[in-house]
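Please read these notes with the model open beside you.

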Amino acid sequence: MNRLLITFLISIIGMPVTAQDAEWYLEVGAGFMVSDTLRQAGFNGDNICYPTNACANQPTGYRWFYDLDADVGSNLEAAVGRSFGKYRLEIAASNRKSDLNQLFDSISHLDGSTLESASTDNYSYSDETRIDSISASSLTLNIYMDLPLADLPVDPYIGAGAGLSRAKLSGLYFSSRYECVREPCDAEYPASFYNSHQVVNLMDTVLNANVSAGVDWDVREDISLGLKLSYVMTGNLKQQAGYINHPISGIENTTKISEMSRWSLTVRLRYWIAR
């Protein structure tokens with residue numbers, strides 16, 4: 001990826017540019033994106049042995065994992081760029097968003113050892129977890145190379161880019177509830193003491209990179225209509241957050257969302273300012 005970007009930059013810098021070559025343009029695009037399964041991992045330093053857990057030793061924390069199925073998401077882009085012969089350099093702003101479905105995978109102690117259930121029917125336990133959506137607002141520097149083909153009404157191109165994204169995980173929700181259903185309930189504290197509750201939005205600034213290919217069709221001399229397919233790679237979102245309610249006052253957990261790369265397909269409209 002880096003080698004490709006450097007090669008494009010060197011090619012542009014070394015090209016003689018004339019007034020006829022250099023042309024500015026504005027571009028907008030809209031489309032959809034699809035992702036593979038994302039991964040959610042979280043951990044905290046909770047040292048409590050809960051009534052429904054069998055703890056041989058005092059725990060040092062807990063670790064949990066979920067799979068996140070992403071719905072087909074939306075993708076909006078706007079860009080300003082300039083052409084230099086067969087090359088184009090642009091700055092693009094984009095916003096991508098997908099709703100998420102959370103699927104439980106596993107939970108363990110912080111050291112990775114298995115979390116075992118206590119052999120007791122005295123307590124009941126229920127929980128609720130969900131995530132609403134994930135989005136990313138990005139600013140990216142893109143470089144394209146046009147590949148004009150003779151006698152064809154469309155102009156194909158390839159490109160690559162890199163930049164920064166402000167990733168946001170919205171509606172991260174967790175609630176757990178313990179109840180004493182049959183005496184004796186001999187835990188150290190009343191069952192309600194062990195309840196916890198969290199509702200947060202998480203944000204992180206991460207790197208992004210993309211490779212793309214597309215085709216353009218000249219509607220008229222100053223307007224082009226195009227279709228672009230991109231593979232966008234986004235760094236991991238990682239953030240700490242506190243609880244609304246937890247047995248340990250002031251404790252935080254860390255959430256990491258990984259494998260956020262996705263495909264996007266956008267329809268694009270380009271207006272040439274000086275053509």
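1. Pro184 sits in the loop that runs between strands β10 (154–180) and β11 (196–220). Strands here are DSSP runs of E with at least two residues, helices are runs of H or I with at least four residues, and both are numbered from the N terminus. The peptide bond between Glu183 and Pro184 is cis, with omega at about 0°. Most peptide bonds are trans, and most residues other than glycine have a negative phi.

2. A word on the source: this is a predicted model, in which local features need pLDDT of at least 70 and side-chain atom pairs count only at pLDDT 80 or more, while totals for chains, interfaces and linings use all residues. Residues are numbered from 1 along each chain as its sequence is written, and side-chain values use heavy atoms, with hydrogens and water left out.

3. A disulfide joins Cys180 to Cys185, with an S to S distance of 1.8 Å. The term stands for a pair of cysteine sulfur atoms within 2.5 Å. The torsion about the S-S bond of Cys180 and Cys185 is about 85°, so this disulfide is right-handed. Cys180 is partly exposed, at 34% relative accessibility. On this scale, buried means under 20% relative accessible area, exposed means over 50%, and partly exposed is in between (1.4 Å probe, protein chains only).

4. How many disulfides does the structure hold? There are two. Besides the pair in the previous point, Cys49 is joined to Cys55, with S to S at 2.2 Å. The torsion about the S-S bond of Cys49 and Cys55 is about 100°, so that disulfide is right-handed. Cys49 is partly exposed at a relative accessible area of 31%, and Cys55 is partly exposed at 23%. With the bonded cysteines numbered in sequence order, the pairing reads 1-2, 3-4.

5. Another loop to check lies between β14 (252–258) and β15 (262–272), and Glu259 is placed there. Phi of Glu259 is near 60°, which is a positive value in a residue other than glycine.

6. Now the chain as a whole. It has one helix and 15 strands. Its C-alpha atoms fill a box of roughly 85 × 30 × 25 Å along the principal axes. The radius of gyration is 26 Å, whereas a compact globule of 275 residues would have one near 19 Å. That radius is taken over C-alpha atoms, and the globule rule is 2.2 Å times the number of residues to the power 0.38.

7. Which share of the 275 residues is buried? Buried residues make up 43%. The accessible surface of the chain comes to about 14,600 Å², and carbon and sulfur atoms account for 56% of this area. Such areas come from the Shrake-Rupley method with a 1.4 Å probe, and for residues only the protein chains shown count as cover.

8. Of the contacts between residues at least 6 apart in sequence, 78% join residues at least 24 apart. A contact means heavy atoms within 4.5 Å.

9. Gln102 gives a local example of such neighbours. Gln102 belongs to strand β6 (residues 87–109) and is buried, with a relative accessible area of 17%. Not counting residues up to four places away in sequence, Gln102 touches Gln40, Tyr66, Asp67, Leu68, Thr129, Arg130 and Ile131. Gln102 and Ile131 are 29 residues apart in sequence, and their C-alpha atoms are 6.4 Å apart in space.

10. Two further strand residues can be inspected in the same way. Ala41 is in strand β2 (residues 38–44) and counts as buried at 18% relative accessibility. Leaving aside neighbours within four places in sequence, the contacts of Ala41 are Trp64, Phe65, Thr254, Thr255 and Lys256. Asn53 is in strand β3 (residues 53–54) and counts as buried at 14%. With neighbours within four places again left aside, Asn53 is in contact with Tyr62, Leu115, Glu116, Ser117 and Ala118.

11. Last, the charges. The chain has 21 positive and 32 negative side chains, and the centres of the two sets lie 7 Å apart. Lys and Arg count as positive, Asp and Glu as negative, and His and the chain ends are not counted. Each charge is placed at NZ of Lys, CZ of Arg, CG of Asp or CD of Glu.
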